[in-house]
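Reader: Could you take me through the helix packing and the contacts in this model, please?

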Amino acid sequence: MTEKSGADILIEALSDLGVEVIFGYPGGAVLPIYDAIFKQDRIRHVLVRHEQAATHAAEGYARSTGKPGVVLVTSGPGATNAVTGITDALMDSIPMVVITGQVPTALIGTDAFQEADTVGITRHCTKHNYLVKAPETLGSIIHEAFHIATSGRPGPVVVDIPKDVQVATARYEAPGPIQHKTYRPQTQPDAAKIQEAVDMLAAAERPVFYTGGGIINSGPDASEALRELAALTGAPVTSTLMGLGALPASSDQWLGMLGMHGTYEANWAMNKADLIIAFGSRFDDRVTGRLDAFAPNSRKVHIDIDRSSVNKNVRVDLPIIADVGLALREMIACWKARQHPKPDLTEWWNRINGWRQTRCLDFEEKGNVIMPQRAIRALYEATRHRAPIITTEVGQHQMWAAQHFGFESPNKWLTSGGLGTMGYGLPAAIGAQLGNPDALVIDIAGEASIQMNIQELATATQYRLPVKLFILNNEYMGMVRQWQELTYQSRYSESYSDALPDFVKLAEAYGWKGIRIEGRQELDAGINEMLAYDGPVLVDCRVAKLANCFPMIPSGAAHTEMLLQAAEVSGEMDDEAKALV
Amino acid sequence: MHIKEEQKERHTLAVIVDNEPGILARIAGLFTARGYNIESLTVSEITEDNRISRITIVTSASAAVMEQIIAQLERLVPVHKVTDLTAFGPHVERELALVKVAGTGDHRIEALRLAEVYRARVVDATTSSFVFEVTGGSEKIDKFVELMRELGLVEVARTGVVAISRGKEAA
């Protein structure tokens, strides 16, 4: 067997692993890899305009296709710019492999040009990371990196490759299936515990399924299994931000999202439930609100692939460590085997339907002003038949999208949940469009967030990606303003989006179509014009400037202390509340 | 507003890891990143081929946080096994200290006498100083150092705790 350069080994290993697209940006320490990319045609390279965008594009690609996202960046600033997206992928459990260039091994530690301690910097924001010291180990490290990124609880893995290792030669042979000596995630649930969970469910009078991003990560069959189990048991289902689409929003059993900006019915159901089954969700602080008041009278079952997620924030009665999809299938089989009849939950549903009467997502509309909620509903109505992929930035528009856009299937909703990264949506939409060339991909954005990665308009232009960018422009960092109203007597410290660009002209400058929507009578026509255009479109949708996102559970409050009206949001909080995130 | 403190208990953990570069930083960093406390940490290779290391960590935390610490450690890719020796039950904990004491006359005689009581060995001596080597549980060493303070303590070097379960089985 002939020897190959490290750069060629990398490309061959990626190709063996089925990688079709890499999101990257060249630089000095990765030039040998870029030359290897130039000389092959198996893997497509997509040139972003900032390394952070490469990571979010890879996340969007991964989340929408179920395949790992791959990033290639140079040493130093290339790697540090990627850190935000790597951390984002860690928080949201996105499978991602990031290849970073490094200065030659002999120069490591000398403060060489564009040197950064990439493995040191990324040690705690990756699932695992590697510094490759010899080309002989490169192939197996790449295969191991993909194994770790995609199995168990998925996450980002960084492989740092010094430039001399890219040039030096070695033999490469694709390894067989990986049997890692220490890393062996538990995927099969314990049968006895599944039976216990099923019997608890059969006996429950007020059950709630609390589902999360783990169901999406487990693959489409997990969503399918959730639907089956929900149908068998008649249990109401709520979900975290990350789990939207696992159960169709059109289902009668769907309560809407829970948590800080969740629905009245979902949060009250959680509070009054006698059994909560958490499927691939992690009792995040946005979900639980005040911990001592969280679902106080319920028994709790937690199914998660990550043991460290269990009993972290909330003590549970029955932890089951497993792939949630496999656990759901086992529960269905066990439910049938034990011949449990469909429980009579009429009384429970009557109470839930009572809470639904609050119509907590309704909003008031006056004159010609577009309420942001209306804009999202109009977008939903105009596009639902095309099952679009929706990405978002972070803030009020993100929560409104989660509340008012209905998702019928998994992998259609891409948002930065755990880290809350402004600037996620546009590159994520680009990644999703590359992975799903025929899909309608829309980034629902805010005018502040979008400016954090606005340069990616060029990437969409270069690759002729017909991404739609729908900006809810209220001239404020709206969520910051909302909290300032709630906590600081409306002292709007630095939350006004001053000196905004003319977004339509900006779009045109990048080769996009630009549309401005300024009043309700223009809304549907503007959306239709956007959809009719075969290419990237930016819509600057001017919405009510001071609208706030409700319902809202203030930080540190209980589910039952939800705010429903704008009138309830004002004043000054005490120091305990101010200290909460 | 005041920040509340939780009730904590002391635990000794044995962590078996792959001896790869950065493993110590990975573990120490996990403790700082998640706000866990480290009272003592020792590490050494324990196999002939030097591929496996044993890290002994003494930490104090509430029971719930202790469970998290173990789960978080087990989640690290190069970690083979985590054992909570305190929860496991009977185990031996030892520390070694080198204690330098300088003085003459009565102080010097008293230091030597106490060293004998504590079964400390003299590993270096000059006409005006001793270096004692003392092993034992952390409390014993604390006590010895405390006594030497009055008798001319110059400096102390301690290894930190190593620990192993009692009985014939590995914990």
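Author: The crossing of α1(A) and α2(A) is right-handed, that is, the near helix is turned clockwise from the far one by less than a right angle. This is a predicted model, in which local features need pLDDT of at least 70, side-chain atom pairs count only at pLDDT 80 or more, and totals for chains, interfaces and linings use all residues. Residues are numbered from 1 along each chain as its sequence is written, with chains lettered from A and ligands numbered from 1 in the order in which they are written.

Reader: At what angle do α1 and α2 of chain A pack?

Author: Helix α1 (residues 6-16) and helix α2 (residues 31-38) of chain A pack at about 55°, their axes 8 Å apart. α1(A) and α2(A) are therefore oblique to each other.

Reader: Which residues of α1(A) and α2(A) meet?

Author: From α1(A), A:Ala7, A:Asp8, A:Leu10 and A:Ile11 meet A:Pro32, A:Ile33, A:Asp35, A:Ala36 and A:Ile37 of α2(A). Contact requires C-beta atoms, placed from the backbone, within 7 Å. The residues of this contact comprise seven nonpolar, no polar and two charged.

Reader: Changing topic, how is chain A divided into domains?

Author: Chain A has domain 1 (4-170), domain 2 (191-356) and domain 3 (372-549).

Reader: How far apart are the C-alpha centres of domain 1 and domain 3 of chain A?

Author: Those centres lie 29 Å apart. The contact involves 25 residues from domain 1 of chain A and 27 residues from domain 3 of chain A.

Reader: Which element gives the most on the domain 1 side?

Author: On the side of domain 1 of chain A that touches domain 3 of chain A, α3(A) gives the most, with 11 residues.

Definitions and conventions. Axes are lines fitted to C-alpha atoms, for helices over the stretch in contact, and angles run from 0 to 180 degrees between N-to-C directions. Helices (H or I, at least four residues) and strands (E, at least two) are DSSP runs, numbered from the N terminus. Angles under 35 degrees count as roughly parallel, over 145 as roughly antiparallel, 65 to 115 as roughly perpendicular and the rest as oblique. Two residues are in contact if their C-beta atoms, placed from the backbone, lie within 7 Å. Ala, Val, Leu, Ile, Met, Phe, Trp, Tyr, Cys and Pro count as nonpolar, Asp, Glu, Lys and Arg as charged, and the others, Gly among them, as polar. Domain bounds come from an automatic or database domain assignment.
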